[in-house]
Amino acid sequence: MSKQFDVIVIGGGPGGYIAAIRAAQLGMSVACIDEWKNAKGGPAPGGTCTNVGCIPSKALLQSSEHFDHANHHFADHGIAVKGVSMDVAKMVARKDTVVKQNNDGILYLLKKNKVSFFHGRGSFIKAVDGGYELNVAGTAQETLMGKQIIVATGSNARALPGTPFDEELILSNDGALRIGAVPKKLGLIGSGVIGLEMGSVWRRLGSEVTILEGLPTFLGAVDEQIAKEAHKAFIKQGLKVELGVKVGEIKTGKKGVSVAWTNAKGEAQTLDVDKLIISIGRVPNTIGLNTESVGLQLDERGAIVVDEECRTNLAGVWAVGDVVRGPMLAHKAEEEGVAVAERIAGQHGHVNFNTIPWVIYTSPEIAWVGQTEQQLKAEGRAYKAGTFPFLANGRARALGDTTGMVKMLADATTDEILGVHIVGPMASELIAECVMAMEFRASSEDLARICHAHPSLSEATKEAALAVDKRTLNF
């Protein structure tokens, strides 16, 4: 006889485990199925984010930033350091420890909230009276029955056609996080978030990093002014960025990887590197779900088709996160997971796509929320813009990091904030204030009149708001 639950969540990533916890908080009996394994074969919930994405990449970024500061910036503070070296194996081991701490933390949270955890691959068997039967293929086969199903199976790295990942020379985000020694030359195809972040890590540690980007512009989704500022900073650091390229044949051999490519002028080029990271986006993960057994609808990309409230074409089946439309961001998945759990409970879950923040954790960091200036121009909306450079911010000077700016866009008539774009120190933290302001439909005047601590980086946000009205106080 199958075990029965009010809600079964397939996937234990940010969307899945959060949905399971919220459903349990609302009084439902909940199961969460997840197949990620650690090195010992045990459960490792947290999905791509925790295991091979957000969390491990930030651990490596932090380690490499310390190394970079010791080599290039400590002297400015009067700190003399000699013979600085990097133990890559220890750096990677620390990253693995951070990942495990997060895995264990999620397992604890599931247990604390009385969520039944099943380690294995979850898939549909059939629709039954009052719900759906699911199979769990783990160390043992189990059958579960759920009245409501939430699919949160995430996404996989997109490979170049004809160039599969071997995770030794041709790397996805997974292999990029497991590089065991500093490559002398590192290539990146695509300026995706993970690629840029990993490129930053290994550039700091001594790699010669070259990025081949097919688009004619750098970071096309980012506000153009901010992208140009970031591009300038990356070039100054030593990253080589080639735009408008066409990638040809990729060959692997004993000495590494050889990439044939054509530059924006149409000239044939060759890039020889020790390792090659492919960072050209991700694809929804519906592998092994057995969607055809219940008639769950997928679109041409393989994503599960949902409405604005994450309902699928099947009664009682929902889907959230990377496996559905919208940005592939962990925090977007979390918000959808909470909203679906609340909708199942008869509440009114809320997700506002217009106020989901985006962050790239490079140095300088890049963060934004809302519309870009080019988007506002394209739709013909009248707007005002204000910018404030970190060069004029006292805390940034004290930190020794004055790269970048805060840029605010507001409606020309109502002054409602339409977008905020930041490139510079701690942009990932500064953007939260702007998200809150936009969620409450604040005007730039509202933000300009809020007292900000001095000295703080957040004063740059206040000054950018003042700049919308052309009345900055410190620039």
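Reply: Start with handedness. A crossing is right-handed if the near helix is turned clockwise from the far one by less than a right angle, and left-handed if anticlockwise. By that rule the crossing of α1 and α8 is right-handed. Keep in mind that this is a predicted model.

Me: Why is α1 called roughly parallel to α8?

Reply: The two helices pack at an angle of about 30 degrees, with their axes 7 Å apart. Angles under 35 degrees count as roughly parallel. Therefore α1 is roughly parallel to α8.

Me: Which residues of α1 and α8 make that contact?

Reply: From α1 come Pro-14, Gly-15, Tyr-17, Ile-18, Ala-19, Arg-22 and Ala-23. From α8 come Ala-330, Ala-333, Glu-334, Gly-337, Val-338, Ala-341 and Glu-342. By class, the contact has 9 nonpolar, 2 polar and 3 charged residues. Gly counts as polar here.

Me: What makes α1 and α4 roughly parallel?

Reply: Again the angle. α1 (residues 14-25) and α4 pack at about 20 degrees, with their axes 9 Å apart. The cut-off is under 35 degrees, so α1 and α4 are roughly parallel to each other. The crossing of α1 and α4 is left-handed.

Me: How many nonpolar, polar and charged residues are in the contact of α1 with α4?

Reply: There are 6 nonpolar, no polar and no charged residues. Tyr-17, Ala-20 and Ile-21 in α1 meet Ile-106, Leu-109 and Leu-110 in α4.

Me: What makes a set of residues a nonpolar core?

Reply: The residues must be buried, of a nonpolar type such as Val, Leu or Ile, and joined through side-chain atoms within 4.5 Å. The largest such core here has 35 residues. Met-198, Val-201, Trp-202, Leu-219, Val-222, Ile-277 and Ile-366 have the most contacts inside it. Elements giving two or more residues to this core include α3 (54-72), α4 (88-112), α6 (193-204) and β19 (365-370). Apart from it lies another core, of 29 residues, among them Phe-388, Phe-390, Ala-396 and Ile-417.

Me: Which residues does Ile-366 touch?

Reply: Leaving out residues up to four places away in sequence, its partners include Leu-219, Val-222, Phe-234, Trp-358 and Ala-427.

Me: How do you know whether Lys-265 counts as buried or exposed?

Reply: Its relative accessibility is 73%. Exposed means over 50%, so Lys-265 counts as exposed. Lys-265 is found in the loop between β13 (256-262) and β14 (268-273). Lys-265 and Pro-43 are 50 Å apart in space, C-alpha to C-alpha, and 222 residues apart in sequence.

Conventions: Residues are numbered from 1 along each chain as its sequence is written. This is a predicted model: local features need pLDDT of at least 70, side-chain atom pairs count only at pLDDT 80 or more; totals for chains, interfaces and linings use all residues. Side-chain values use heavy atoms; hydrogens and water are left out. Buried means under 20% relative accessible area, exposed over 50%, partly exposed in between (1.4 Å probe, protein chains only). Helices (H or I, at least four residues) and strands (E, at least two) are DSSP runs, numbered from the N terminus. Contact means heavy atoms within 4.5 Å. Axes are lines fitted to C-alpha atoms, for helices over the stretch in contact, and angles run from 0 to 180 degrees between N-to-C directions. Angles under 35 degrees count as roughly parallel, over 145 as roughly antiparallel, 65 to 115 as roughly perpendicular and the rest as oblique.
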